[in-house]
Amino acid sequence: MLIRYTPGRTGLAEGLRRAARAVLYLPTACRLARDPGYPWLNAGAVRWLDRHLAPAMVGFEWGAGRSTLFFAARVARLTTIEHKEKWRRRVAQLLARRGVGNVTLRFVPPSDVPGRPERRPALWRELGYAPQKPEFAAYADAILDVAEASLDFVCIDGRARVACALNALPRLRPGGFLVLDNSEWEKYAPIFTAAAGWPRLDFENGVWRTTILRRPGGANG
């Protein structure tokens, strides 16, 4: 069960909800404070990833940060898309200080660029999905240069998450997995519709949920 945060809500009940969320979040806060390379994902998901990531893997993520360090330390190659230049520079400096050389860190800011709708997967048409954040079209389409069924994993913890996921799903190899953070939000429902039939793991801590979807067909699919 999740204790959801409702923006703008006030009163005694909401104050109690926030206090409960703070208590539930405390173990995560402690982990983050102890280890700058600990990703901002549910602990159960982190443990699962630590067991299933392998040195030969190739991954892709939206949203640079702690997860970038975490993945880079465990896989062969990682491409990361970030939309804030100041944050991209900060993460780039951190990677350089740690001698991390297997990450391609790309800056794709919000803009009027329409992206590449002609290259988007058929999932868009099948779901009748229209971008909810057109300013992030190029950001979500950044993965379209990657060959289909070539990635071992994709982590989505940035903007325009539905658009990112629809582009990412066909690019996962059989047995590859999609990591979706904050998956409890109803607005991400189209992702689960698009991945119907994929084995699903949900990890919760009472505050938020991280979901891992695995493409069928692999050795563990």
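**Core and sheet**

Guide: The largest nonpolar core has 36 residues, of which Trp 62, Ile 143, Val 154, Ile 156, Leu 178 and Ile 191 touch the most other members. A nonpolar core is a set of buried Ala, Val, Leu, Ile, Met, Phe, Trp, Tyr and Cys residues joined through side-chain atoms within 4.5 Å; buried means under 20% relative accessible area with a 1.4 Å probe, protein chains only. This is a predicted model, in which local features need pLDDT of at least 70, side-chain atom pairs count only at pLDDT 80 or more, and totals for chains, interfaces and linings use all residues. Residues are numbered from 1 along each chain as its sequence is written, and side-chain values use heavy atoms, without hydrogens and water.

Visitor: Which element gives the largest share of this core?

Guide: H7 does, with 6 residues. Helices (H or I, at least four residues) and strands (E, at least two) are DSSP runs, numbered from the N terminus.

Visitor: And the sheet, in what order do the strands run?

Guide: The order is E3-E2-E1-E4-E5-E7-E6, an open sheet of 7 strands with mixed pairing. Two strands pair if DSSP finds at least two bridges between them.

Visitor: Which strands stand at the edges?

Guide: Strands E3 (103-107) and E6 (200-204) do; each has a single partner strand, so one side of each lacks a neighbour in the sheet.

Visitor: How do E2 and E3 pair?

Guide: Strand E2 (residues 77-82) pairs with E3 in the parallel sense over 5 bridges. Thr 80 stands opposite Leu 105 in E3.

Key
Buried < 20%, exposed > 50% of the residue type's maximum accessible area, 1.4 Å probe, protein only.
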